[in-house]
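I want to note what I looked up, entry by entry.

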Amino acid sequence: MLSVPGRTVLRITVRAPGASLSPQQQRYFAALSPALQGKVDGFKGEIEKYLPADGKKVVFATAWLATDNVFVALMHKHFPTALSGMNLVAIDTLHLFPSTLVCAKQVEEKYGKKGLWKMPADVTSLDEFIAAYGDCEEMDSADFDFVSKVEPFQRALAECNKDILITGRRMDQAAQRISLDVWEEGKRTLNPMASFSWQDIVEYADAEGVPVNSGHNFAYRCDAPIEATKRHLPDLPWKKVALGKPFWQATEAEIKGTPPATITYVFKSFGDTHTTVPVEPHESERTGRFVRQAKTECGIHTRTTSAGAPHGGALQDLIVKDAAQAKALKSACVRTIDLNERQACDVFCLVNGAFSPLQGFMDETAYNSVVKDMRLPEKQLFGLPVTLDVKSIAGLKGGDKILLKWEGQEVAVLDVSSIYKPNKVVEAKECFGTSSLEHPTVYSLIAEQGQYYVGGKVHGLESPKFKYPVMTPAQVRATLPQGKEVVAFQNRNPIHRAHFELLKCAQRDVADSILLVHPTCGPTQPGDIDGVVRIETYEALRKETEKEYPMFRWAYLPYSMKMAGPREAIQHMIIRKNFGATHFIIGRDMKMAGPREAIQHMIIRKNFGATHFIIGRDMAGTKSTITGDDFYGAYDAQETGKKFEAELGMKVTHYENMVYVDEETGYVEESVAKKTGKKVAKLSGTEFRRKLRAGEEIPEWFAFKSVVDILRKAGDSAFC
C-alpha cells in the first residue's frame with residue numbers, strides 16, 4: 001500500500017492461490033466484456049478520425065474524474081504519441097477535494113503526462129481567493145464558476161493555441177448531455193466518451209488498474225434520508241465507513257453494513273467541496289453535483305468563449321434542410337400563428353443563430369432565469385427573454401406543433417414544450433428597471449402584447465423575408481477575412497458625418513481591422529426614419545465610400561429594439577459576435593434601449609463575430625413619455641458592458657461625440673474642442689428635419705449629399 005500522511009493513495013489487492021472471488025472481484029480481474037471492447041474500438045476510430053496523430057493544438061479538459069482518467073488510460077495505451085503532444089488542462093479552483101489532487105498526481109505519474117494547471121487569476125491559495133473574490137458560500141454561483149473555472153480555462157486554451165477540445169462528457173450523465181454528438185464541428189469539440197456508460201467506465205478502470213479518486217472508497221450510512229442540499233454540511237447524522245475499495249467493487253451488504261443501514265450514500269463524482277455531495281449508489285453521478293444550484297454544468301463546456309466565437313461556442317442553424325422532414329413538420333401542426341414584425345424579427349434571429357445558443361422561444365424555466373438573473377439555466381449570460389406572446393391558449397397543450405407564418409410566408413414550426421402566463425410587472429421591473437407605463441416598451445409589454453407565452457424548440461422552414469436586404473450571421477462571417485478583428489457599428493438612424501468620423505476613428509484605432517456597419521432595421525418608433533428609407537441611405541453611402549474604405553462591410557439586422565437598459569447592449573454584442581464582428585460601436589443616436597438592452601446588443605454582436613464593443617454615452621436610453629425624464633444614467637450601458645466583457649470574450653471601449661469645428665480642423669472629439677476653446681458648429685435634429693422639408697441647403701459638414709437626397713425624395717413618408 002502506497003500512502004501519504006493521513007491518506008491512502010493506492011491499494012493493490014493480491015489474491016491468494018485458490019482463494020474464491022466475489023462477482024465484483026471477478027470483474028476486477030477479467031478482460032473487457034465484448035460490449036465494452038466494442039466501445040473501445042469505437043473510441044479508437046473516433047480518435048483516428050478527428051485528432052492529429054501528433055496531438056498538437058489538442059486540449060483535453062480534465063477534472064480527474066473516473067471518466068477523465070479512463071480517457072487518459074485509453075490514449076496512453078492506444079495513442080501514446082497523440083497523448084504526449086496534447087495538453088491536459090486542469091483547473092484548481094482552490095475548492096477541490098484533497099483526494100482529487102492526490103488522484104491527479106497518480107494519473108500524471110502512471111501515464112507520464114503532466115497536466116497544465118491553472119488557478120483563478122492572481123491567487124494561489126484559498127485565503128487569497130477569499131480576499132480577492134469572497135467566500136464561495138456568499139458569491140453568486142455564476143460569478144464563482146466564472147472566476148474559478150471559466151476564466152482560468154479560457155487562459156489555458158489561449159496558451160495552448162487550441163484547435164480541438166476534447167471532453168469527458170457522456171450521454172448518460174444528465175439531461176443536458178442526452179443527445180451529445182461525438183463530434184461538434186461548430187465548436188471543434190470531440191466527445192469520445194459520449195457512448196460510454198458509468199458501468200463501462202468502472203469496468204475499464206477495474207480491468208486496466210486506472211487510478212480513481214480514493215473518495216469512492218467510503219460509504220455514508222444513515223438511519224434516515226438527508227436532503228441533498230444539506231449533505232455538504234459538517235457533523236451530519238451518518239457514519240462514514242471505509243470500504244477498502246471503490247464502492248462499485250463492494251457488495252450491497254458491504255456497503256450497507258450489518259445490520260443494514262436504512263440508506264447509504266457514496267461519492268460518485270467530485271467537483272468543488274461546497275457543491276458536491278454523496279448520492280445513493282443507483283443514482284447518476286451528476287445528481288451529486290451542483291446541489292443547491294439550478295444547473296447541471298459548471299460552465300467549462302457551456303460558458304467558455306474566445307474572441308470571435310459565437311455565444312455558447314457554436315452558431316445555431318435551425319433551418320430544416322430535408323424537404324421531407326419540413327413537410328412532415330408542417331403536416332403535424334395543429335394551429336397557425338401569423339407573426340407580427342417584432343415576432344418575425346425574433347424568428348429570424350433564432351433560426352439563423354443571431355440568438356445563439358437559443359434553439360427556440362424560451363420555456364418558463366429559461367424565461368424566469370433570464371428575467372431574474374440575466375442568465376440561461378446553465379448560467380450563460382443572456383440579456384433579455386426571447387418569448388412568443390399569444391393572446392389565447394385555448395385548446396393548446398404541450399407537445400403540439402404550431403406553424404409560424406410571416407406575411408404569408410411559412411417560416412417555422414414551433415414544438416410546444418411550455419405554456420405559461422408570465423408576471424409582466426416583474427419582467428418589466430427586472431428587465432427594464434421600471435414597471436412604469438411611461439416607459440414605451442413597458443407599456444407595449446403590459447398593455448399591447450399577448451398575456452401568455454409559448455415556449456419550445458423552433459424548426460426553421462425558411463428565413464423570414466423583409467422589405468429590406470438582410471444577411472445571416474453565417475453570410476456575414478463568410479465576407480470577413482480570416483485573422484482580422486472586426487469592429488461592429490450599431491445604429492438605427494441614417495449615418496451622417498459625425499457617425500462616419502467615429503467609424504474612421506475606430507477602424508484606425510483597431511489596427512488592420514474590418515469595420516462592420518450593422519444597423520437594426522426592425523419595427524420603428526414614432527419619429528423614426530422608415531426602415532426601407534434608412535436602408536436606401538446606407539446603400540448609397542456604401543457605394544459612395546467603398547473605394548476609399550474597402551475595409552468597411554455593410555449588413556442589416558432585423559431586430560426589434562426592447563428599450564431594456566444595460567441588458568440590451570450585451571444582447572447586441574453577442575449577436576454581432578455570431579456575425580463575425582470583433583468590435584462594436586454604438587453612437588449617441590441610438591436612444592431606445594438603455595443599459596439592460598446593452599447586454600442584449602453585446603450578445604447579438606458577439607454572435608456576428610464581435611470581440612470589441614464600443615458603447616457611446618446614453619447608449620440605448622429612453623425617456624418618460626410624460627415627463628421626458630431619462631430612465632437610465634448616461635453611462636449605465638458602458639458600466640454594464642464592461643462588467644461582462646471578460647465573460648463574453650469582448651472588450652468594451654467607447655468614444656466621445658465627434659464635433660465639427662471648421663473646414664481646416666474638421667471633426668475632433670468634443671473634449672478636445674472644449675479644451676482648446678474651439679467653437680463648435682451645431683445643427684439640431686429638429687432644425688435638420690425642418691431644412692429637409694423646406695428644401696433648404698444642408699451643410700456638407702453635417703450630412704452626406706447622397707443621404708440628404710434620399711431623405712428629401714422620400715419626404716414626410718420617410719418619418720414614421
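This is a predicted model: local features need pLDDT of at least 70, side-chain atom pairs count only at pLDDT 80 or more; totals for chains, interfaces and linings use all residues.

**Entry: two helices**

I started with a pair of helices and found that α2 and α8 are roughly perpendicular to each other. The residues that make this contact are Leu36, Lys39 and Val40 on the α2 side. On the α8 side they are Asp200, Glu203 and Tyr204. I then looked up the geometry: the angle between the two helices is about 90 degrees, and their axes lie 11 Å apart.

**Entry: a surface patch**

Which residues form a nonpolar patch on the surface? I listed Val425, Leu437, Tyr443 and Ile446. Together they have about 340 Å² of accessible area.

I picked out tyrosine 443 and asked where it lies. I found it in helix α14, which spans residues 440–448. Is tyrosine 443 buried, exposed or partly exposed? Its relative accessibility is 39%, so it counts as partly exposed. The cut-offs are under 20% for buried and over 50% for exposed.

**Entry: the whole protein**

Next I stepped back to the whole protein. I noted 23 helices and 25 strands. The protein has 720 residues, and 57% of them are buried. It exposes about 30,400 Å², with 51% of that supplied by carbon and sulfur atoms.

Last, I looked up contacts between residues at least 6 apart in sequence. Of these, 77% join residues at least 24 apart.

Key:
Residues are numbered from 1 along each chain as its sequence is written. Side-chain values use heavy atoms; hydrogens and water are left out. Patches are made of residues with over 30% relative accessible area and no salt bridge: like charges are joined within 9 Å, nonpolar side chains (Val, Leu, Ile, Met, Phe, Trp, Tyr) within 5 Å. Accessible areas come from the Shrake-Rupley method with a 1.4 Å probe; for residues, only the protein chains shown count as cover. A salt bridge is a side-chain nitrogen of Lys or Arg within 4 Å of a carboxyl oxygen of Asp or Glu. Helices (H or I, at least four residues) and strands (E, at least two) are DSSP runs, numbered from the N terminus. Buried means under 20% relative accessible area, exposed over 50%, partly exposed in between (1.4 Å probe, protein chains only). Axes are lines fitted to C-alpha atoms, for helices over the stretch in contact, and angles run from 0 to 180 degrees between N-to-C directions. Angles under 35 degrees count as roughly parallel, over 145 as roughly antiparallel, 65 to 115 as roughly perpendicular and the rest as oblique. Contact means heavy atoms within 4.5 Å.
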